[in-house]
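Hi,

Here's the structure I said I'd pass on.

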Amino acid sequence: MSRLIIRKVAVLGAGVMGAQIAAHCANADVPVILFDLPAREGPANGIVDKAVAGMKKLDPAPFAAKDRAQYVEAANYGSDLARLGECDLVIEAIAEKMEWKLDLYAKVAPHLKPGAVFASNTSGLSINALSAGMPAGARNRFCGIHFFNPPRYMPLVELIPTAETDPGMLDALEAWLTTCLGKSIVRAKDTPNFVANRVGVFSILAVLHHTQRLGLAFDEVDLLTGPRIGRPKSATFRTGDVVGLDTLAHVVGTMQATLPNDPWHAHFSTPAWLQALIAKGALGQKTRCGIYRKQ
Ligand code: NAD
């Protein structure tokens, strides 16, 4: 198996996942360029600060404090696309919308380093459909790379190839994720929401709907689906706020749109109360208000 030599990573999207994936790569001693829309990039947005703050928790960090900023640099799609040519691995982590991802692929593809690996952190959109947005010659280096939130602490990464993905590249990527980032890989087929979210989101939805139907309190249900059964971090509603309520709704939307004949299809819907929170911009931790902290 040939080795993947990754000297620099580009992460596209500096949101909940992108900033944390960047921080995790930097902690593993791999420099990162963290791209976002021009409007979001820059000191005011604190993108790099956010990623760097995430790095501080590891002690000892593999580099001195003064070097941290060199490990995560901010860039935007407006003026910095040529810098993609420095990167051996590009991880796309923008919002869970097929058309936005495809638009971005068309914009970035001409600037990729020849032979670079390009992987999407989508929660469950079709990897084949995303791959079709890449130039034909780059599709053998394309796959899904699904990290879990928070990516530093969650060992699981689902790797999702297409029929065009080079198996040798996939093996090498798996080896890099395992040895360099400390991840445990599960290879998944390109089915809606892959494995973990197909099951996980379904169970979250069941709790959301039953809580409403039975008139239960969020914190009560969180105790019973979290700490009291030994899952301190995974209580249902808190998880929704951590994931981002808009992202959760997009993932539910994927199941709704792509699994019309599933016997549980009627349950694949975002409850109205949750849609109302999203409509007013209460998206969870990333907007500092969501299910728990109301506007
Ligand atoms: P987020 O909402 O926190 O961030 C989305 C990012 O996309 C932002 O940086 C935003 O500026 C950028 N963006 C939005 N519209 C864009 C456009 N048209 N073009 C380019 N950039 C655009 O989202 P997130 O939670 O970080 O999710 C990112 C990806 O990771 C999604 O595909 C999501 O499904 C997946 N994911 C999320 C989680 C989670 O727990 N949040 C876990 C695993 C995978």
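One term before I start: I call a residue buried if 20 or more other C-beta atoms lie within 10 Å of its own, and exposed if 12 or fewer do. Also keep in mind that this is a predicted model.

The overall picture first. The chain has 295 residues, 42% of them buried, and it contains 11 helices and eight strands. If you take the contacts between residues at least 6 apart in sequence, 68% of them join residues at least 24 apart.

**The sheet**

The eight strands make an open sheet with mixed pairing, in the order β3-β2-β1-β4-β5-β6-β7-β8. β3 (72–76) and β8 (184–187) are the edge strands, each pairing on one side only. On average, neighbouring strands are turned by 25 degrees against each other, ignoring direction.

Start with β1 (residues 9–12), which pairs with β2 (residues 32–36) in the parallel sense over four bridges. Val 9 has Val 32 as its bridge partner in β2, and Ala 10 stands opposite Ile 33. Val 9 and Val 11 point one way from β1, Ala 10 and Leu 12 point the other way, and all of them are buried.

Then go over to β7 (156–160). Four of its five residues are buried, so the rest of the structure largely encloses this strand. β7 runs antiparallel to β6, with four bridges joining the two, and His 146 has Glu 158 in β7 as its bridge partner. With β8 the sense is parallel, again over four bridges; there Val 157 is partnered by Ile 185. Helix α6 (residues 167–179) lies across β5, β6, β7 and β8, and runs at about 170 degrees to β7.

The largest nonpolar core has 53 residues, and Val 9, Val 11, Ala 22, Val 32, Leu 34 and Val 90 have the most contacts inside it. Helix α1 (residues 16–27) gives the largest share of this core, eight residues.

What does Val 9 touch, once residues up to four places away in sequence are set aside? The list is Cys 25, Val 30, Val 32, Cys 87, Leu 89 and Ile 91.

His 24 also deserves a look. This residue lies in helix α1 and counts as buried because 25 other C-beta atoms are within 10 Å. Leaving aside neighbours within four places in sequence, His 24 is in contact with Pro 151, Arg 152 and Leu 181. The C-alpha atoms of His 24 and Pro 150 are 9.9 Å apart, although 126 residues separate the two along the chain.

**Helix α7**

The buried residues in α7 are Asn 197, Val 201, Ile 204, Leu 205, Leu 208 and Thr 211. Seen down the helix axis, the buried residues fall within an arc of 130 degrees, so they line one face. On the face turned away from the buried side you'll find the exposed residues Val 199, Ser 203, His 210, Arg 213 and Leu 214. Gly 215 follows α7 and has a positive phi, near 65 degrees.

Most residues other than glycine have a negative phi, and most peptide bonds are trans. Here are some spots to check against that.

- Asn 149 and Pro 150 are joined by a cis peptide bond, with omega about 0 degrees; Pro 150 is in the loop between β6 and β7.
- Phe 194, in the loop between β8 and α7, has a positive phi of about 55 degrees. Phe 194 counts as buried because it has 23 C-beta neighbours inside 10 Å.
- Arg 288, in the segment after α11, has a positive phi near 60 degrees. Arg 288 counts as exposed, with 11 C-beta neighbours inside 10 Å.

Cheers

Notes: Residues are numbered from 1 along each chain as its sequence is written. This is a predicted model: local features need pLDDT of at least 70, side-chain atom pairs count only at pLDDT 80 or more; totals for chains, interfaces and linings use all residues. Two strands pair if DSSP finds at least two bridges between them. Axes are lines fitted to C-alpha atoms, for helices over the stretch in contact, and angles run from 0 to 180 degrees between N-to-C directions. Two residues are in contact if their C-beta atoms, placed from the backbone, lie within 7 Å. A nonpolar core is a set of buried Ala, Val, Leu, Ile, Met, Phe, Trp, Tyr and Cys residues joined through C-beta atoms within 7 Å. The arc is that of the directions from the helix axis to the C-beta atoms.
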